[in-house]
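Trainee: Can we go through the charged pairs in this one? I'd like to take them one at a time.

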Amino acid sequence: MGTGKGGKPDPHGVDVPEPYFRRELLTVPEGKQLDSSAARAAEAGLTCIALELLDGAMCSLREEGAAADGAAIQPRHIDAAFRSNAELRLLWAAWLVENPPAPCTGDPSAQPSAAKSPGGAFDDAIDRLLEAVDPEGTLTISGSAKCVVAKLLAHLVRQLTNAAAELSTRVNSDVIHGEDVRAACRVLTTGELRLLLDREVRAAMAKAPPG
């Protein structure tokens, strides 16, 4: 039998994995709150996008021929993930205006100028996401690259929760529901990424407990 919260047995007999994005990372505008389906939906959407970003960075690293054990993702690989994925570039367009991509100099230390970590709050999520992208553990991520990803994720959380909050306001609600988050994902994304997010978010909402 699987285990639920606090290691207690899950009555459904299924292991419930700890979410990549803890609920306290899902900051919402003042006066708003997430219901359980919205929290599940936001976590699913953020996870899907973050995995796309890290997978692109991993591909960039391997294209350099640096596939040996211990090879580390650097900020330039995160930048390359944007350049090669128009949907991600559009999603983080506002962030990129303020934080131009690092030049392709081949310098492993090259990184955007504003690569300061927002308190390390996303460090655990990034480590676990990297394990999901590279389950064999052949890659690592440099501290500077982790800072860039953390800034991107913090920006993305604000984008997603603000958009969902605005949608909930239109129906005079102070509670953000799963459908608000799902609609926000559709507003913020395009193309195949939008379809992928919608599928993952719908599946997460279906598993959310009531309340």
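**Salt bridges**

Mentor: Start with E200 and R199, whose side chains form a salt bridge at 3.9 Å, N to O. Keep in mind that this is a predicted model.

Trainee: Are E200 and R199 buried or partly exposed?

Mentor: E200 is partly exposed, at 33% relative accessible area. R199 is also partly exposed, with 47% relative accessibility.

Trainee: Which residues do salt bridges with shared partners join into one network?

Mentor: E179, R182, R186, D198 and R202.

Trainee: Take R182 then. What is the N to O distance in its salt bridge with D198?

Mentor: The distance is 2.7 Å.

Trainee: Why does R182 count as buried?

Mentor: Buried means under 20% relative accessible area, and R182 has 18%. D198 is buried too, at 16%.

Trainee: And what about D198 and R186, how far apart are N and O there?

Mentor: Their side chains meet in a salt bridge at 3.5 Å. This pair also links distant parts of the chain, with D198 in helix α8 and R186 in helix α7, twelve residues apart.

Trainee: Is R186 buried or partly exposed?

Mentor: R186 is partly exposed, with a relative accessible area of 35%.

Trainee: Why do such side chains pair up at all?

Mentor: Opposite charges can pair when the charged atoms of the side chains come close.

Trainee: Last one. How many salt bridges does the structure hold?

Mentor: Nine.

How values were computed
Residues numbered from 1 in each chain as written. Predicted model: local features only at pLDDT ≥ 70, side-chain atom pairs only at ≥ 80, totals over all residues. Heavy atoms only, no water. Salt bridge = Lys/Arg side-chain N within 4 Å of Asp/Glu carboxyl O. Buried < 20%, exposed > 50% of the residue type's maximum accessible area, 1.4 Å probe, protein only. Helix = DSSP H or I, 4+ residues; strand = E, 2+ residues; numbered from the N terminus.
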